[in-house]
Amino acid sequence: MEEQFWQTRWNTGKIAFHEGAPNKFLITHFDVLEIDQGAHVFVPLCGKTSDLDWLYERGYRVTGIEFNRDAIEEVFERMSLIPDVEQKSGLTRFSSGRLTIWHGDFFLLPRGDVGTIDAVYDRAALVALPEDIRKEYAKYLVELTRNAPQLLISYSYDQSQTEGPPFSVPENTIRQLYGSNFNIERLESADIKGPLAARCSGKEQTWKLSMKNG
């Protein structure tokens with residue numbers, strides 16, 4: 001999954017995608033997933049996001065996966081947690097209490113090692129992936145989490161205005177990727193802000209994906 005690209009971004013400090021505070025759409029909308037305290041939330045391509053802290057502090061069991069080891073170590077240090085570190089399934093697992101972050105390639109993460117996932121929070125994974133990888137990612141995420149509901153944050157803009165990531169992933173693409181498995185509801189659409197707004201105009205959108213019955 002283009003590991004060298006992301007390692008270079010981290011090593012050169014080109015991480016404008018990193019937010020220093022919990023994401024406002026997460027705070028506003030996460031409760032629509034209607035999961036219980038103590039439920040298991042999966043955060044793909046999590047980086048060192050403060051969203052992990054927010055979820056953890058609300059009593060959820062949180063699992064992420066990330067390419068950059070320094071980012072993972074920073075999360076545990078920031079949260080004053082000392083992780084157990086072990087090699088497993090070709091990846092490295094950092095874990096302490098209710099927080100686990102895997103170091104390595106998302107596609108190498110076996111379902112049996114993750115356990116049952118109750119919800120997915122995807123702010124920075126789908127929009128980080130080029131078009132030729134998104135279908136494979138979405139398929140594997142659905143398999144890995146067994147159709148767990150998702151809170152998904154995406155961008156919709158004219159891709160000719162700027163190169164990604166984050167890439168433009170408009171509604172029709174989301175429906176193509178997930179429509180056969182999920183009911184898809186748009187919760188909010190707001191003008192793009194932050195560093196990306198200096199490069200393009202468009203919308204940042206929040207979606208609820210819930211498993212179809214039958």
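I took helices (H or I, at least four residues) and strands (E, at least two) as DSSP runs, numbered from the N terminus. I kept in mind that this is a predicted model, where local features need pLDDT of at least 70 and side-chain atom pairs count only at pLDDT 80 or more, while totals for chains, interfaces and linings use all residues. Residues are numbered from 1 along each chain as its sequence is written, and side-chain values use heavy atoms, with hydrogens and water left out.

**Overall fold**

I found seven helices and nine strands in the protein chain. The C-alpha trace spans about 45 × 45 × 30 Å along its principal axes.

Next came contacts, meaning heavy atoms within 4.5 Å. Of those between residues at least 6 apart in sequence, 67% join residues at least 24 apart.

**Burial**

I called a residue buried under 20% relative accessible area, exposed over 50%, and partly exposed in between (1.4 Å probe, protein chains only). By that rule, 54% of the 214 residues count as buried.

**Salt bridges**

My criterion was a side-chain nitrogen of Lys or Arg within 4 Å of a carboxyl oxygen of Asp or Glu. Lys48 is buried at 13% relative accessible area, whereas Glu74 is partly exposed at 35%.

I turned to helix H6 (residues 131–145), where Glu143 and Lys139 lie four residues apart, about one turn of the helix. Their side chains form a salt bridge at 2.7 Å, N to O. Lys139 counts as exposed, with 54% relative accessibility, and Glu143 as partly exposed, with 36%.

Helix H7 (residues 171–178) gave me Arg175 and Glu171, again four residues apart and separated by about one helical turn. I noted 2.9 Å, N to O, for their salt bridge. Arg175 is partly exposed at 37% relative accessibility, and Glu171 is partly exposed at 30%.
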